[in-house]
Amino acid sequence: MNILTPPMGWNSWNTFGSNISDELIRSTARTMKEKGYLEAGYNYIVIDDCWSLRERDENGRLVPDPAKFPHGMKDLADYVHSLGFRFGMYSCAGVRTCAGYPSSFDHEFVDAKTFAEWGVDYLKYDFCNFPASADGKNRYATMSMALKASGRDILFAACNWGSGEPWKWMKSLGAHMYRSTGDIADNFKSFSGIARSQIDNFCMSGHDCFNDIDMLTVGMYGNGNVAFGQACTDEEYQTQFALWCMLGAPLMLGGDVRKMNDFCHALVLNRNLLRINQDSECRPPYIAYKGRVIYNGPDAAGGWEEYPDTGLTMFKHLSDNEFAIGYFNFAPKPGEVLFTFADAGIPYGSNVALELTDAITGESLGLQRDYYNLVIPAHGCRIILAKLVNV
Ligand code: GLA
C-alpha cells in the first residue's frame, strides 16, 4: 500500500471530543463533498476516541455505542464511501483508550479484523494506558501486522506522541504516519511549539511514512474540545496552516467544517499551499534563516525591541524546478525576517534571479536578485513560490 503524499482529511477529536455521532459524521462528509474539500484532497474522515461501548461483546469484539451510532459502523462506512471518502477509526495500543474505552492491547488481530469488516481504511492508534511491562515498539509492530492480515488496505496512523523517537523506527514497522508530539491545543504557543520542535526530524518524513504533528485547529476560534488558552487570530491560523504545508505534514482538519468561516475555508483550500504540502518529491524544507526579529514601531520601548530566535525562513525544493520560501515571525510584534539567496545556493555574482509569486494571494513579486527580506506581522508568515531565471 503506497501513501505517496501527506494524508489529508478530517478528524473528530479537536472540536467534538466525546460528543460524536452518526449524524455528525454524515453531515461532515456531505459538507466536505459539497464545499470542495474532497476535490481538494481531504479524503479521510476519521472518528477519534469515544465511539464504542465501555465493554466488549461476548465474543471479545468492540461494539459501537448504539446511542451515538445507531446504524453501526458498516452502514456509516458505506455512506462515507458512497460520497467518495475513505473511512477512519481509532483505537489504542494500551488496555484502555485515553478516554477510558476498551482498546486493542492483546486484541490486535481480532480488532483489525473487525475494522476491516466494517470497511475501515485508516486506523489511528494511540498510546494511553499501556502496561509498563510491555514493549511499545513491539505492540505497534503487532498492530501493523494485524492490519496487514486483516484482508483490507488500512492506513496505519501510529500515535505515540514522540515516545522513543518514532521518527527513527516507526516507518520500519510499516506505519504510514506517526504522531511525533503531544496534543495540540487551539492557541499559538501550542501549535508553533509543536511544529518548531519537529523541524529537524522532517528529513526522516516522506513517501509512505509521514511525521504527523497533530490535527489542525484552524477555524476553531476557541470553541471545542482542545480550545485551551488564548484563541487564535486569522493571522495565527494562516501561520499554522502554512507551517504544516511547508513541512509536508499530514493535513487532518480538526475544526467543524460545517461552520468554517470564509477566511479559514479559503485558507485550507488554497491551491498553492496544498500544492506545496502535496508536492510529489516530498522534500523537507531547510532553514535558510533563523534569528532575531527586531521591532522598531511607534510603541517600541526604547525605540526598538529585540526578540531572539523568532525569525525563521524555510526553503523547500518542489518538483519541476520550483521552490517554496516560508517566512515566519514567532515574535508578538512585526519585524523583518531575512532571506539571502546565497543561503539557498545562489551566491552574489551568479547570473540567476528568482521570480517570486505570493503563494497565498497569487500576487506577482517580480524578479529578485541577491536577497529578499520581508516585514512579517506578529505571529504571521508569508509563503512565496519561486522559479529560477537566468538573467
Ligand atoms: C490522545 C491523542 C489525541 C486524541 C485523544 C483521544 O490524547 O493524542 O489526539 O486521540 O487521545 O482520547
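The sulfur of C159 lies 7.1 Å from the closest cysteine sulfur, which belongs to C98. That is too far for a bond, since a disulfide here is a pair of cysteine sulfur atoms within 2.5 Å. C159 is also buried, at 1% relative accessibility; buried means under 20% relative accessible area, exposed over 50%, and partly exposed in between, with a 1.4 Å probe and protein chains only.

Keep in mind that this is a predicted model, in which local features need pLDDT of at least 70, side-chain atom pairs count only at pLDDT 80 or more, and totals for chains, interfaces and linings use all residues. Residues are numbered from 1 along each chain as its sequence is written, and side-chain values use heavy atoms, with hydrogens and water left out.

Now follow C98 to its bonded partner. A search of the whole structure turns up 1 disulfide, and C98 forms a disulfide with C128, with 2.1 Å between their sulfur atoms. The link is right-handed, with 95 degrees about the S-S bond. It ties together distant parts of the chain, 30 residues apart: C98 sits in the loop between β3 (86-92) and α5 (108-118), and C128 in the loop between β4 (122-126) and α6 (136-148). These helices (H or I, at least four residues) and strands (E, at least two) are DSSP runs, numbered from the N terminus. C98 is partly exposed, at 37% relative accessible area, while C128 is buried, at 18%.

Finally, take a look at C203. Its closest cysteine sulfur is in C209, 13 Å away and too far for a bond. C203 is exposed, with a relative accessible area of 55%.
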